[in-house]
Amino acid sequence: MNNKDLAKAFKDMLTLRWSPVAVKLLKPDEPIPDNVSEPSVPLRHCQAITVARRGSSLYMPPNKHACPDGAAIMGLVPMSPKLRSGELYLLFKKLPNIECAQKMIASRPEFEAGAYQASIVAPLEDAAFEPDVVIFTIYPEQVMWLCCASSYGSGERHVFHTSGYNSTCADLTVQVMKSQKMNISFGCYGARAISDINDFEAYLSVPFNQMHSLADSLRKLSVKSIPEARRKIYMPPVIDRGISSEQVGACSVKVRINEERCDGCGLCEAFCPETVIEMKAMGDIVKAAAIAAEKCCACYTCVGQCPKKAIQLELSQGKP
């Protein structure tokens, strides 16, 4: 799958608003890729990500980087003594004292000055180069599915590394290149102040060499899990009003199964976490039956999974 097809797969499966952005840090001896151009004015790395997800492919040498902190973190220029000291964080009132500022700076990921000559950003579908990382501007629900896709084959949980003080440079580019692990960021002071990322969006970055396996796992999740969750199939049809403390514990659930609609497929029995439903032989056919309705926790899994819409739950106050 080439970069164009890969970008389309992620856009279609996640219904992304923005193109995933391919990011590469160019080593001193590497040639400049084709089809990239320098911006007319200096941009911050996070601004370049914004421009790229809107369709532009940029070559960003050090003199086109407007954020000296981000450029130094990515190894494009030396860090200025004033930035290295941490005193600017105190002037911005973002940290309480110089000790906290220096600890935060010392613990963030950085590349050595001069390790790279430029940064390259492009919409993934247009990238004529192999990126180091791919950065998504994304909603929390889409982050959840990418986390699921990453865990799909291993079952492993995720431990993210972020501080909120440096975003697309440290947390999404350097951290991911060094660790070779997916990472998230909610933006930083600069990224929130100067880019168009809205209050409901976050960032997620993936090592490029993991994008194909991630797409494969996402494709398998798209068969059942993603469309079912997006259809909210387990949401009760009516949210009842609250009850008084004297009534707590008196709720009862009736499981109503329409025998004419039930085709005996057995999905309700298989998915019920409390073994409330069992398949019963009725002559030469099999139908679902609620054999232990008192154990029903009203999770609505049977209702959501039934392909014939044959099950309804009736919740009421008082014993059944």
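**Labels and their grounds**

Guide: In this predicted model, 46% of the 320 residues of the chain count as buried.

Visitor: What makes a residue count as buried or exposed, and which label does Lys-93 receive?

Guide: Buried requires a relative accessible area under 20%, and exposed requires one over 50%. Lys-93 has a relative accessible area of 73%, so it is exposed. Lys-309, with 55%, is over the 50% cut-off and is therefore exposed. Lys-93 lies in the loop between α5 (87–91) and α6 (98–107), and Lys-309 in the loop between α13 (301–305) and β10 (311–317).

Visitor: What is the phi of Lys-93, and what is that of Lys-309?

Guide: Lys-93 has a phi near 60°, a positive value in a residue other than glycine, and Lys-309, which is not a glycine, has a positive phi of about 55°.

Visitor: Why is helix α2 called largely enclosed?

Guide: Eight of the nine residues of α2 (residues 45–53) are buried, so the helix is largely enclosed by the rest of the structure. Among them are His-45, Gln-47 and Arg-53, as well as Cys-46 and Ile-49.

Visitor: How do you know that β8 and β9 are paired strands?

Guide: Pairing needs at least two bridges, and six bridges join β8 (residues 277–282) to β9 (residues 285–290), so the two count as paired, and they run antiparallel. Met-282 stands opposite Ile-285 in β9.

Visitor: What makes β2 and β5 edge strands?

Guide: Six strands form an open, antiparallel sheet in the order β2-β3-β1-β4-β6-β5. Because β2 (58–60) and β5 (183–185) each have a single partner strand, one side of each is left without a neighbour in the sheet. The twist averages 25° from one strand to the next. Helix α7 (residues 140–151) lies across β4 (133–138), β5 and β6 (202–207), and runs at about 140° to β4.

Visitor: Which residues touch the most other members of the largest nonpolar core?

Guide: This core has 36 residues, and those touching the most other members are Phe-10, Leu-124, Phe-136, Leu-146, Leu-204, Met-211 and Leu-218. Elements giving two or more residues to the core include α1 (3–14), β1 (21–26) and α10 (211–221), and α1 gives the most, with six residues. Leaving aside neighbours within four places in sequence, Met-211 is in contact with Leu-6, Phe-10, Leu-124, Val-134, Phe-136 and Val-206. A second, separate core has 32 residues, including Val-23, Leu-25, Leu-83 and Leu-172.

Visitor: How does the radius of gyration of the chain stand against that of a compact globule?

Guide: The chain has a radius of gyration of 26 Å, whereas a compact globule of 320 residues would have one near 20 Å. Along the principal axes, the C-alpha atoms fill a box of roughly 80 × 50 × 30 Å. Among contacts between residues at least 6 apart in sequence, 68% join residues at least 24 apart.

Technical notes
Residues numbered from 1 in each chain as written. Predicted model: local features only at pLDDT ≥ 70, side-chain atom pairs only at ≥ 80, totals over all residues. Heavy atoms only, no water. Helix = DSSP H or I, 4+ residues; strand = E, 2+ residues; numbered from the N terminus. Axes fitted to C-alpha atoms, helices over the stretch in contact; angles between N-to-C directions. Contact = heavy atoms within 4.5 Å. Core = buried A, V, L, I, M, F, W, Y, C linked by side-chain atoms within 4.5 Å. Buried < 20%, exposed > 50% of the residue type's maximum accessible area, 1.4 Å probe, protein only. Rg over C-alpha atoms; globule rule 2.2 N^0.38 Å.
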